[in-house]
Amino acid sequence: MDAMNDKEWTLDDFEVGRPLGKGKFGNVYLAREVDSKFVVAIKVLYKEQLAKHCVQQQLRREIEIQYHLRHPNILRLFGYFHDSARVYLILEFASRGCLYAELQKCKRFEPRRAAAYVCQLASAIEYCHQKRVMHRDIKPENVLINGKGDLKIADFGWSVHEPSSKRQTICGTLDYLPPEMVMNKMHDAMVDNWSLGVMLYEFLVGRPPFEAKVELPFC
């Protein structure tokens with residue numbers, strides 16, 4: 001796929017297979033590029049829903065950031081295209097699904113496995129921070145597992161590329177928010193480190209250390 005990053009894609013370039021998941025703005029499908037037979041995941045987002053929730057600019061930012069990231073523990077975005085009604089993201093296929101589902105199945109991870117996972121995630125987060133990218137929504141639901149068992153950070157919807165490093169927007173998922181966000185104070189890339197610490201606790205105990213009683217809308 002690297003050799004074809006500049007290609008202008010259309011849906012005709014892919015054989016679309018079974019659904020892999022469903023989200024707020026669309027669905028994800030297993031697909032195969034017709035010429036190379038390379039297997040990918042295609043995320044289909046509906047423009048009407050994006051406009052309804054005023055997240056078009058957020059999607060543009062997500063695409064711009066994820067497309068340029070290259071790390072073994074970050075899900076690749078190979079390309080994107082759109083038609084009159086939908087936006088299509090061509091993503092790396094992680095065959096073993098979501099880390100959250102794996103944690104739910106296992107209840108908790110034994111320490112050696114938890115340590116290996118945290119090491120992979122820490123490496124990916126450090127890489128993002130070196131590129132001045134804050135993910136801002138690190139949680140098990142946003143981490144996928146590939147066929148080799150390696151983790152892949154995905155869903156850069158709340159991410160920002162921030163050379164100045166300081167932000168005040170509250171965003172993410174309440175269980176994983178650091179104190180400075182909860183108190184509506186300025187925050188920087190260390191919010192991702194806090195979320196990783198929460199995940200380590202969850203890996204070992206089976207639940208986050210701080211569980212929200214209600215869902216709150218952020219950003």
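Leaving aside its neighbours within four places in sequence, which residues is F93 in contact with? Select F93 in this predicted model, and you will find the residue in the loop between β5 (86–92) and α3. Beyond four places in sequence, the contacts of F93 are R18, L20, L30, V39, V40 and A41. With a relative accessible area of 23%, F93 counts as partly exposed.

Not counting residues up to four places away in sequence, N142 touches H135, D137, K152, I153, A154 and D155. If you show the side chain of N142, one of its polar atoms can be seen 2.8 Å from the backbone oxygen of D137.

Now select L69, L99, L121, M199 and F203, which touch the most other members of the largest nonpolar core, a set of 26 residues. Two or more residues of this core come from each of α3 (99–106), α4 (111–130), β7 (143–145), β8 (151–153) and α6 (190–205), and α4 gives the most, with eight residues. Because domain 1 (11–92) and domain 2 (97–205) both contribute residues, this core lies between them.

Stay with L69 for a moment: its contacts, leaving aside neighbours within four places in sequence, are I74, R76, Y127, C128, K131, V133 and F156. Finally, select L45, I63, Y67 and V87, which are among the 14 residues of another core, lying apart from the largest one.

Definitions and conventions: Residues numbered from 1 in each chain as written. Predicted model: local features only at pLDDT ≥ 70, side-chain atom pairs only at ≥ 80, totals over all residues. Heavy atoms only, no water. Core = buried A, V, L, I, M, F, W, Y, C linked by side-chain atoms within 4.5 Å. Buried < 20%, exposed > 50% of the residue type's maximum accessible area, 1.4 Å probe, protein only. Helix = DSSP H or I, 4+ residues; strand = E, 2+ residues; numbered from the N terminus. Domains from an automatic or database assignment. Contact = heavy atoms within 4.5 Å. Polar contact = N/O pair within 3.5 Å; in protein donor to acceptor, adjacent residues only side chain to side chain.
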